[in-house]
Structure formats: structure tokens, C-alpha cells
Amino acid sequence: MTETLDINITQTSKSKLPETDLQNPTFGSVYADHMFIADYAEGEWKDLRIVPYGNLSISPANTTLHYASTIFEGLKANRAENGDVLVFRADANARRMQKSAVRMCMPEVPTELFMSGMTELLKLDREWVPTAPGTALYVRPFQLAMDPYIGIRPSSTYQFLIITGPVGGYYSEPVKVKIETHYTRAAQGGTGFAKTGGNYAAALKPAVDAQKEGFNQLIWTDAKTHEYVEESGTMNLMFVINDTLVTAPTGDTILNGITRDSIIQLAKDKGMAVEERPIKVTEVLEAIENGSMQEAFGAGTAATVAPIKLIHHDGTDYNLPSVDGWKHSKEFLDTLNKIKTGQIEDPHGWIMRI
Ligand code: COI
């Protein structure tokens, strides 16, 4: 770690903001003016800097390009009515990235470095935080191995970067999901809990196949039996059955979602029963059929609260009750939005003001 957190700042000479439609952003296609970079070499993080957003120069032999030595995070910054920029649970993202780093044999980014780099970047690009309902500035911290080396070993050099970009919703309408019982996302002892690129790359073909069949996403099942629902790849899964919030426990194979954790807390706050336990595919389908499944939704930073309107399994479509009547997920989304934009009290200290 560096002794001081001095960050060298080089500002862009021409902001892209005037030509950006800030209030109608699509997810993941527009980036703000600057990015944060720190280098890791000789066992320490150094050369902390903010520079104009731009391409990286890396060796064709860069080990990440060949062996996927990369981890990332995703969080959001919103604007309060008084203009302050509010960041949601960034410290939890810093901790989760450290866990991903340990699993991927990468050096951990200290929380102080993560938070300082993000704070300085957001101060500089604060005008990029959109204000329209449902929009936010998405913050993408990521870390990659930098050694120009073809061979399997931990790298001795890394970069930690943060880029940001204005976003709208990841899903624009309630989603249709297919329960996947052939392909596997993650197995015990694997990397499913880590936010590492390979998990997402390996999930692409099954997801694209499902999209061709008309589904937005998959519900992944456990690798061993395909009898238990796990997560959705872009979000954790939550069900409201008989007024109880039910979600699969996190572990080796399921990402420890920060939105998931926040919703569990909000449910407990309002006295709702919460069950974190293995959920059988048959239980989900039976609950839809017998009417005890009131709501099913995905929870994630990008997806926020994404209602599920249909679940497909083995040739049969199971329709959820009409989203219009959903009470709990709407309340979770509304409360989260209000906390994130400073409209209501933040009882759990989730917000950091920039
Ligand atoms: C996030 O929710 O922030 C993610 O990284 C998931 C990805 C689908 C954008």
C-alpha cells in the first residue's frame, strides 16, 4: 500500500457531457469523462491517478487476455434533491472485491484505496450523475492482471481501475426466465461467489440460447442435481410465498448480492418473515400453481428489483400473478430508491455523501 493516498489528477480538455443525453441513458454504453487507475507492482499499490477516460494499452501477451485473471464490482451513485451525490453501500463492494481477489489469487485492493479513488473520481465527474427517476451513475471498479506472460501463474503486476457511466434500468420490463437444468453456472468449490469475468463468459451460451427461445434470463440450478434454484447470473432470486420472503443462501455458488442483503434487511425492518434456505425447483413451480407464490423478482445493483412475470421449466410456462398487484417488491424498490436519493432516513448507514 502507498504511504499516502495522493491522487494525481489530469482533467480532460473536452467534456463529453454537452453531447450526452444524460436523462435517457441505456445501460452500459456511455462513460463519464474520467477514470481512476492504480498500479500494483513490487507488492504495493502505487501511482494513483485520475486521467481522461480512454483506451488502455496492454501487451498482446497480457495474462488476463488469455487466462481471465479479472474481477469487478458494480455500484450506483444517485443525486439527492439538494444536489449532493450519494453512493450506496460502497464499503460492502470494497469488501466483496477483496473476497473475489483472494479466490482469484490477486492482491486485495485496500478499502481505503477503493473508497478514495471512487470519491475523487465522483467529485470530478459529479455532473454526470443523472437525476431522472430510475437513472443513476453506475460505478464499475475492476482489477486485472497485467503481466505480459503466457503461462499459468499469479501475475506480479495488476491494475485497479474505476470507470463510471450514466445508466437506466438493466431490464425495461418484467422478465421471463427459464430454469436451466442442463448447463451449470457454478459448482461447490468453484468461483460462483466471486465477481470474476469467467463466470459471466461461461454463462453466455446458455443465456443466448434461452434468449432465442424468448426468455430474458436463466434461473441457474445447482450443479449436482439441478433440483435447487440458485441465482440468475445478473441478479439474485427472491420469492414471496405466503407473505414470507424466501431466497437461496449464498455460499460457494451464489453471489453475495448487496441488493439481496439490503432487501433482506428491509423485509426484517418491516416485520416480514425471511427464509434463507435451499429452494427446490418443484417448490417454486408448485407455489405458482397453487397460488401461494405472490411475487418473484431478481435483485441486483444493475437490475435493482426486476419483477419476474413468467418462469419456464421443461417445456411448460408458469405465469406469475399480474405485477400490478405486487406489494412487497414494489415497496422494497421504492424504499431503496428513497434511501439512495436521500428522500427518507437511512437507518443502516448505507449512504455515503460525496
Ligand atoms: C451488477 O449488478 O452491477 C452487475 O455487475 C451485473 C451485470 C449484469 C451488470
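Guide: Strand 5 and helix 6 each supply at least two residues of the lining of the largest cavity (helices, H or I of at least four residues, and strands, E of at least two, are DSSP runs numbered from the N terminus). The model is predicted, so local features need pLDDT of at least 70 and side-chain atom pairs pLDDT 80 or more, while totals for chains, interfaces and linings use all residues. Residues are numbered from 1 along each chain as its sequence is written, and side-chain values use heavy atoms, without hydrogens or water.

On a 1 Å grid over the protein atoms alone, a cavity is a set of points where a 1.4 Å probe fits but cannot get out; a pocket is an open set with protein on both sides within 12 Å along at least five of seven lines, and lining residues have an atom within 4 Å of a point. There is 1 cavity of 30 Å³ or more, and the largest has a volume of about 60 Å³ (the space filled by probe spheres set on the points, joined across faces, edges and corners). Its lining consists of Gly74, Leu75, Lys76, Phe88, Asn93, Ile258, Thr259, Thr301 and Lys340.

Lys340 leads on to helix 8, where it is one of the buried residues, together with His328, Ser329, Phe332, Leu336 and Ile339 (buried: under 20% relative accessible area with a 1.4 Å probe, protein chains only). Viewed down the axis, the buried residues of helix 8 fall within an arc of 100 degrees, so they line one face of the helix; the arc is taken from the directions from the axis to the C-beta atoms. After helix 8 comes Gly342, with a positive phi near 70 degrees.

The second largest pocket holds about 620 Å³ of space. It is lined by 32 residues, with Pro133, Gly134, Thr135, Leu333 and Asn337 closest to its centre. Two or more lining residues come from each of strand 5 (75-79), strand 17 (304-313) and helix 8 (328-340). Helix 8 gives the most to this lining, 5 residues. Again, at least three lining residues are drawn from each of domain 1 and domain 2.

The largest pocket contains about 720 Å³. Of its 40 lining residues, Arg140, Tyr170, Tyr200, Gly233 and Thr234 lie nearest the centre. Elements that give it two or more residues include strand 7 (136-145), strand 8 (158-167) and helix 6 (258-269). Both domain 1 and domain 2 give residues to the lining of the largest pocket, so it lies between them.

Technical notes: Domain bounds come from an automatic or database domain assignment. Buried means under 20% relative accessible area, exposed over 50%, partly exposed in between (1.4 Å probe, protein chains only).
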